[in-house]
Amino acid sequence: MQLQSEFANLSRWELSSAELRARFDAVQLPFETTAELSVEEFIIGQERAVRAVDFGLQIKDHGYNIYASGIPGTGKNTILKSMIKQVSETQPTPDDWCYVHNFQDTDRPRALSLAAGKGREFQRDMAHLIASLKEEFPRVFQSKDYEEQRRELEEGFSNAREDLSGELDQKAAERNFLIKSTRAGIILVPLDKGEPMKTEQFAALPPETQAEIQYKEKALREDIATFLERVRALREEVDQKIDELNIRVALYTSQHLFENLKEKYRPFAKVMDYIEAVQQDVLANFHDFLSEPEAPLQLPGMAEEPVRRPMIRYAVNVVVDNSGRQGAPLIEESNPTYNNLVGRIEKKAHLGFLYTDFTLIKAGSILQANGGYLLVNVLDVLRSPFAWDALKRIIKMREAKIEDIAETYGFIASAGIKPEVIPISLRVILVGSPYLYYLLQAYDEEFPGIFKVKADFDVQQNRKDDTPLQYSRFIARLCKDEGLPHFERDACAAVLEQASRWVDHQKKLSLRFSDLSDLIRESGYWTQRDGKALVSRVHVQKAIDEWIYRSNLLEERIHELITEGTLMVDVTGAVVGQINGLSVYDLGGFSFGRPARITARVFLGEEGVVNIEREAKLSGKTHSKGVLILSGFLGGRYARDIPLSLSASLGFEQSYGEVEGDSASAAELIALLSALADIPIRQDIAITGSINQRGEIQAIGGANEKIEGFYTVCKALGMTGTQGVIIPRRNVQHLMLKEEVVKAVADGRFYIYAVSTVDEALQILTGCPAGELQADGSYPEGTVNAAVLARLQKMGERLRALVKKGADSA
């Protein structure tokens with residue numbers, strides 16, 4: 001059966017040029033240029049996400065942290081920060097947090113909270129206190145009054161010791177002994193006629209005399225011991241009086257300073273306890289304030305020796321400073337490592353060893369956001385070792401514990417400090433992809449309990465009456481903020497049309513404002529390059545064309561291969577079992593369409609439809625499913641009363657990569673039916689569409705790119721005025737074709753056909769009616785279905801005859 005060219009009434013499936021692209025009427029925009037528009041901040045679209053975020057920010061219960069889900073470029077961060085800012089400004093400013101020395105346990109620094117701004121003030125007050133004491137103590141302890149009181153105590157001790165010494169000397173003289181003090185101790189020397197007795201003299205004495213002298217020496221030594229004990233008691237008594245004097249003087253000197261400090265910080269109980277501990281330590285160690293230790297020679301870059309920094313224990317380390325802040329904090333952590341989130345304890349090196357103290361404790365973004373909001377990218381957190389577990393632990397326990405991660409996990413063994421934990425109250429907002437959200441929901445059992453609010457950010461919104469003006473105000477604000485040329489209203493209309501093109505829908509607009517901003521900036525660039533003051537539609541189109549040119553090198557190379565005949569594509573004539581399907585190449589940010597030759601061959605057998613791509617392991621799962629559906633369609637339509645006896649092969653010619661998707665299943669079915677019916681298919685018309693078992697053409701993706709890809713090839717190989725593309729009727733609303741294609745359709749040089757069933761597509765491609773099933777189970781003569789059924793019956797009879805002949809021969 002030959003192609004019936006006279007069957008040419010295809011107008012009922014043809015789309016008019018008006019149906020190929022949605023346009024914005026610039027006249028309806030109430031301005032001439034965007035310079036006339038107000039530029040106040042507002043949110044475009046995202047009603048669902050805005051309601052979810054508002055709920056998450058307002059509810060106070062634990063666990064209602066927010067996961068902002070959406071692809072990049074939808075303005076998630078901008079919207080989140082804007083909404084958080086509005087809420088945070090109405091909330092109280094959280095406290096400052098400080099770490100101070102723990103005088104009871106030096107390895108466990110204490111955490112103090114003070115009202116916002118009081119942390120730095122307390123730090124300055126403590127520094128002033130210590131500086132005042134270092135000035136006052138030396139002056140008081142070097143004063144004449146203090147020296148006189150101390151001298152009186154020392155003189156009293158000296159006089160009492162001299163009296164005791166005199167008594168001891170008298171007892172020694174009565175016993176005829178001389179007491180001599182040496183470095184080795186006290187020596188008793190017997191006297192002979194008032195002169196010290198020599199050893200030879202003592203040895204020459206009678207034993208009775210020696211024994212008498214030894215007895216006297218023993219008694220005298222007991223007196224000496226009593227003397228020393230009494231002197232020691234006197235010394236202790238005097239030392240105690242001196243200590244009492246020192247404490248009395250130190251207390252008198254410092255009392256007013258501490259009282260002033262206590263009066264100022266009386267509302268803060270823990271601060272009062274700390275000040276009291278400082279006062280007791282100052283009184284006990286006042287001598288540290290009297291003179292600075294002699295500093296050793298310091299080499300360049302060498303830290304001061306820790307033991308020579310006694311005053312450091314009175315320092316105040318302000319780790320969270322909310323002075324100057326109005327309302328609750330919003331902290332965005334761009335590098336959420338463990339240390340950046342939780343905090344860290346720094347170490348310094350001295351002479352080959354590391355040391356640390358409470359002044360080296362540094363707060364992380366969680367503490368900085370305490371009492372407010374923490375905004376962080378979930379992928380960055382998951383990539384950072386230990387950060388995710390630490391974040392969850394802090395949210396659950398509601399406290400932050402700053403510790404050395406290496407010590408915690410046993411990487412190093414060293415003595416360190418353990419700062420007191422700080423209570424945490426904050427709302428965490430994670431920003432991430434939907435895919436990560438579902439993974440965490442499925443595999444992290446703690447995640448659903450601590451991130452109960454999901455805010456879905458959409459990539460598109462419906463076109464409404466007020467959306468053109470909203471987008472125009474966005475353009476105006478960006479132009480003002482970045483000093484770009486303002487847009488004419490027709491240029492705004494062009495931007496809106498491109499926003500619809502990005503989402504492939506005539507009644508929707510893209511919410512990917514990163515792409516929209518780039519288009520505005522690039523349009524402004526080409527306007528300035530053109531020496532114009534305002535951006536026109538021409539400049540917007542120029543920006544679009546230039547972006548495509550920067551991205552479409554591969555597309556041009558493929559079209560060159562088609563033009564020179566390396567890749568075989570026919571755009572004229574008619575061929576049996578051969579059809580032009582359409583595919584899309586996605587290069588990550590840029591996609592384009594191209595025709596692909598699909599062929600079908602049929603022969604005797606019972607293997608059914610063989611997918612060559614699947615056999616070669618080049619077929620994706622969805623494509624394989626689409627081919628299997630063809631068997632269901634063939635069986636349901638042509639094997640109602642007889643078994644389907646068929647062997648056929650389907651293949652994408654010159655395709656060497658994986659074929660995925662089912663958008664070519666309609667083309668594959670028509671090629672197969674053409675081969676069965678021996679009816680040629682028009683090569684000047686390409687088709688895209690997914691088929692179901694009932695023969696209905698289903699919607700596909702990438703309709704714009706596929707149509708434009710075939711148009712470009714036809715243009716390169718030569719336009720005939722009959723070429724076109726068949727698309728599913730359900731894809732008409734997705735058309736936002738280039739102006740060049742729309743004009744070609746308007747001029748009658750190119751055609752777009754929209755069909756709902758495979759029968760309609762068959763009629764366009766073969767010029768023959770598909771034919772409807774009659775009451776007797778047959779199809780009308782001269783139809784495609786009748787030819788297919790006849791061929792299948794003939795093949796079945798032939799196959800059964802061959803089987804019977806083989807059985808008879810056996």
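Start with the largest pocket, which holds about 1500 Å³ of space. A pocket here is an open set of points on a 1 Å grid over the protein atoms alone, where a 1.4 Å probe fits, with protein on both sides within 12 Å along at least five of seven lines. Its volume is the space filled by probe spheres set on the points, which are joined across faces, edges and corners.

The model is predicted: local features need pLDDT of at least 70, side-chain atom pairs count only at pLDDT 80 or more, and totals for chains, interfaces and linings use all residues. Residues are numbered from 1 along each chain as its sequence is written, and side-chain values use heavy atoms, without hydrogens and water.

**Stop 1: the largest pocket**

A lining residue has an atom within 4 Å of a point. Now colour the elements around them. Helix H16 (489–502), helix H18 (537–551), strand E22 (591–603) and helix H23 (703–717) are among those that each supply at least two lining residues. Helices (H or I, at least four residues) and strands (E, at least two) are DSSP runs, numbered from the N terminus. By class, the lining has 16 nonpolar, 11 polar and 17 charged residues. Ala, Val, Leu, Ile, Met, Phe, Trp, Tyr, Cys and Pro count as nonpolar, Asp, Glu, Lys and Arg as charged, and the others, Gly among them, as polar.

**Stop 2: the second largest pocket**

Go to Gly75, Lys76, Asn77, Thr78 and Ile79. They lie nearest the centre of this pocket, which 32 residues line. Its space is about 670 Å³. Select helix H2 next: H2 gives the largest share of the lining, 5 residues. The lining divides into 13 nonpolar, 12 polar and 7 charged residues.

**Stop 3: two helices**

Show helix H4 (residues 144–174) and helix H6 (residues 207–264). They pack at about 175°, with axes 10 Å apart. Axes are lines fitted to C-alpha atoms, for helices over the stretch in contact, and angles run from 0 to 180 degrees between N-to-C directions. H4 and H6 are therefore roughly antiparallel (over 145 degrees). Their contact has 16 nonpolar, 3 polar and 10 charged residues.

**Stop 4**

Keep H6 on. H6 lies across E4 and E5, at about 145° to E5; contact means heavy atoms within 4.5 Å. The open sheet has 3 strands in the order E4-E5-E6, with antiparallel pairing. Strands pair if DSSP finds at least two bridges between them. E4 (177–182) and E6 (195–196) are at the edges with a single partner strand each, so one side of each lacks a neighbour in the sheet. Finish on Leu191, opposite Pro196 in E6.

How values were computed:
Parallel < 35°, antiparallel > 145°, perpendicular 65-115°, else oblique.
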